[in-house]
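Student: I've got a new model open and want a quick walk through it. Can we start with how the strands pair up, then move on?

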Amino acid sequence: MTGTQATERLQVAVFLSGTGRTLENLLERRVSGGLEIDIPVVISSRSGVRGLDVASTAGIETYVVRRREHPTPSEMSARIQELLVPHQIDLIVLAGFLSQLEILPEWEGRMLNIHPSLLPLFGGRGLYGHRVHEAVLASGMQVTGCTVHLVNAEYDAGPIVLQRCLPILEDDTPESLGARVFDLECEMYPEAIRMFSEGRRHSHGVESLKRS
Ligand code: GRF
């Protein structure tokens with residue numbers, strides 16, 4: 001990825017596998033919430049998902065890159081990188097992307113994920129969607145939250161860039177908790193992207209994203 005000059009709008013690629021709610025939120029924030037990004041390309045690991053419709057309706061170029069045709073994470077990442085190169089992407093945003101990738105050297109420090117729990121709790125392989133909230137409720141925790149982190153080779157284990165918590169209510173179900181966590185995600189992901197953009201302006205790196 002070559003990226004843009006520091007004064008230009010951040011070029012963001014969104015990877016998804018499902019409903020595209022996260023993409024939808026970023027598109028809305030771009031209009032109403034002062035999120036100064038362009039999303040020139042969306043990659044989906046599944047065909048026929050709503051997220052692809054959300055992207056097409058917004059005039060975004062879309063590609064489906066399935067595991068079936070790219071049997072290893074390394075092959076899948078190589079194909080995706082071929083598709084990204086013409087777009088000069090600064091940042092990759094994972095938005096409910098459910099396929100394992102190899103993190104290419106070009107992507108290191110430039111790929112964010114959001115996870116609906118307080119990592120490192122309730123993360124890792126198999127813990128996604130409602131499964132996370134079911135596990136949180138079963139644990140007896142009184143708080144949960146969500147986490148934006150840089151993606152590295154380990155599932156949900158990259159450096160945390162932003163984390164917020166919210167209380168678990170007595171009558172919470174996985175659905176009600178998931179809905180409140182998602183509302184929080186909608187605030188946090190744009191904020192983390194802004195932080196990335198600022199960090200890039202001031203230090204041309206991601207170190208300033210990391211909070212102690
Ligand atoms: C969110 O719960 C997020 O935490 C996780 O994927 C979900 C969003 O997927 N990474 P989608 O945008 O509804 O497809």
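This is a predicted model: local features need pLDDT of at least 70, side-chain atom pairs count only at pLDDT 80 or more; totals for chains, interfaces and linings use all residues.

Student: In S6, which residue is the bridge partner of isoleucine 114?

Tutor: Valine 148 is the partner of isoleucine 114 there.

Student: How many strands form the open sheet, and in what order?

Tutor: Seven strands form it, in the order S3-S2-S1-S4-S5-S6-S7. The pairing is mixed.

Student: Which strands stand at the edges?

Tutor: Strand S3 (61–64) and strand S7 (160–167). Each has a single partner strand, so one side of each is left without a neighbour in the sheet.

Student: By how many degrees are neighbouring strands turned against each other on average?

Tutor: By 20°, with direction ignored.

Student: Back to pairing. What holds strands of a sheet together in general?

Tutor: Backbone hydrogen bonds, in either a parallel or an antiparallel arrangement.

Student: Do S1 and S4 run parallel or antiparallel?

Tutor: Parallel, with four bridges joining S1 to S4. In that region, valine 12 stands opposite leucine 91 in S4.

Student: And S4 with S5, parallel or antiparallel?

Tutor: S4 and S5 run parallel, joined by three bridges. Here valine 93 stands opposite leucine 112 in S5.

Student: Which residues cover the faces of strand S4?

Tutor: Leu91 and Val93 are on one side of strand S4 (residues 91–94), and Ile92 and Leu94 are on the other. All are buried, and both faces of the strand are covered.

Student: Next, serine 44. Where does it lie?

Tutor: Serine 44 is in strand S2.

Student: Is serine 44 buried or exposed?

Tutor: Buried, because the relative accessible area of serine 44 is 0%, and buried means under 20%.

Student: How far apart are serine 44 and threonine 62?

Tutor: In space, 7.5 Å from C-alpha to C-alpha. In sequence, serine 44 and threonine 62 are 18 residues apart.

Student: Changing topic. How many salt bridges does a search of the whole structure find?

Tutor: Seven. As background, side chains of opposite charge can pair when their charged atoms come close.

Student: Which residue forms a salt bridge with aspartate 38?

Tutor: Arginine 9, with the closest N and O atoms 3.0 Å apart. The pair links distant parts of the chain, 29 residues apart. Aspartate 38 is in strand S2 (residues 37–44), and arginine 9 is in the segment before strand S1 (10–16).

Student: How accessible are aspartate 38 and arginine 9?

Tutor: Aspartate 38 counts as partly exposed at 25% relative accessibility. Arginine 9 is also partly exposed, with a relative accessible area of 36%.

Student: What about arginine 29, which residue forms a salt bridge with it?

Tutor: Glutamate 187, with the closest N and O atoms 3.1 Å apart. Arginine 29 lies in helix H1 and glutamate 187 in helix H5, so the pair ties together parts 158 residues apart in sequence. Glutamate 187 is partly exposed, at 43% relative accessible area.

Student: Where do the side chains of glutamate 69 go, which residue do they meet in a salt bridge?

Tutor: Arginine 66, at 3.3 Å from N to O. Glutamate 69 is partly exposed at 42%, and arginine 66 counts as partly exposed at 23%.

Student: Last topic. How much space lies in the largest pocket?

Tutor: About 1000 Å³.

Student: Which residues lie nearest its centre?

Tutor: Gly96, Phe97, Leu98, Asn113 and Tyr128, out of 42 lining residues.

Student: Which element gives the most to the lining?

Tutor: H5, with six residues. Helix H1 (21–32), strand S5 (111–115), helix H4 (130–139) and helix H5 (174–203) each supply at least two.

Student: How does the lining of the largest pocket split by class?

Tutor: It has 17 nonpolar, 18 polar and seven charged residues.

Terms used
Residues are numbered from 1 along each chain as its sequence is written. Side-chain values use heavy atoms; hydrogens and water are left out. On a 1 Å grid over the protein atoms alone, a cavity is a set of points where a 1.4 Å probe fits but cannot get out, and a pocket is an open set with protein on both sides within 12 Å along at least five of seven lines; lining residues have an atom within 4 Å of a point. Grid points are joined across faces, edges and corners, and a volume is the space filled by probe spheres set on the points. Ala, Val, Leu, Ile, Met, Phe, Trp, Tyr, Cys and Pro count as nonpolar, Asp, Glu, Lys and Arg as charged, and the others, Gly among them, as polar. A salt bridge is a side-chain nitrogen of Lys or Arg within 4 Å of a carboxyl oxygen of Asp or Glu. Buried means under 20% relative accessible area, exposed over 50%, partly exposed in between (1.4 Å probe, protein chains only). Two strands pair if DSSP finds at least two bridges between them. Axes are lines fitted to C-alpha atoms, for helices over the stretch in contact, and angles run from 0 to 180 degrees between N-to-C directions.
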